[in-house]
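Here are some friendly notes to read alongside the structure. Please keep it open and follow the points in order.

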Amino acid sequence: MFDKLKQASQMAGMLKDLPKLQSKMEEVRARLANTKVEGSAGGGAVKAVAFCDIRIDSVTLDPSVFRGMANGSPSDQAYANRMIAEAVNDALTRARARMAEEIGRAAKDSGIDLPPHILEKLA
């Protein structure tokens, strides 16, 4: 029973501070829009850079990947395509993790302790 009262009190406090929290979240979003993370695959043969607002900035392929795509067998080409997808997915995973970290830090600075499962859904 006391846990529910505590949660209700925390919720009331969050609602009271909602404009402040919204402002803080906008600051975090703006910072994340300019923060880059890098993902890679194939031992670094393919690198993808993503912004932390979940946009891809660039994909860089080692020249050996180009050769495999241009002159290789269909399986070599499929492997190169998989490496590109893996690098992009790695970059996006890192971007989401950074986003969750930044949102959690901003919430904590605002006096709100968000559980990890909530942070995962926000990112």
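1. One ring does have a charge over it: Arg55 lies over the face of Phe51, 4.1 Å from the ring centre. That label requires NZ of Lys or CZ of Arg within 6 Å of the ring centre and within 35 degrees of the ring normal.

2. A word on the basis of these notes: this is a predicted model, in which local features need pLDDT of at least 70 and side-chain atom pairs count only at pLDDT 80 or more, while totals for chains, interfaces and linings use all residues. Residues are numbered from 1 along each chain as its sequence is written, and side-chain values use heavy atoms, with hydrogens and water left out.

3. Now to the strands, which are DSSP runs (E, at least two residues), as helices are (H or I, at least four), numbered from the N terminus. Strands pair if DSSP finds at least two bridges between them. S1 and S2 run antiparallel and are joined by 6 bridges, with Glu38 opposite Val49 in S2. Their hairpin has 4 residues between the strands, and Gly42 there takes a positive phi near 60°.

4. S2 also runs antiparallel to S3 (residues 55-61), again through 6 bridges; Lys47 has Thr60 in S3 as its bridge partner. Of the 6 residues in S2, 5 are buried (under 20% relative accessible area; exposed is over 50% and partly exposed in between, with a 1.4 Å probe and protein chains only).

5. Which residue in the turn between S2 and S3 has a positive phi? Ile54 does, at about 65°, in a hairpin with 3 residues between the strands. Most residues other than glycine have a negative phi. Ile54 counts as partly exposed because its relative accessibility is 31%.

6. Leaving aside neighbours within four places in sequence, Val65 is in contact (heavy atoms within 4.5 Å) with Ala45, Val46, Ala80 and Met83.

7. Finally, the 36 residues of H4 (residues 74-109) should span 52 Å, at 1.5 Å a residue, and the end C-alpha atoms are 52 Å apart, which agrees. The expected span is 1.5 Å times one less than the number of residues. Just after H4, Gly111 takes a positive phi of about 85°.
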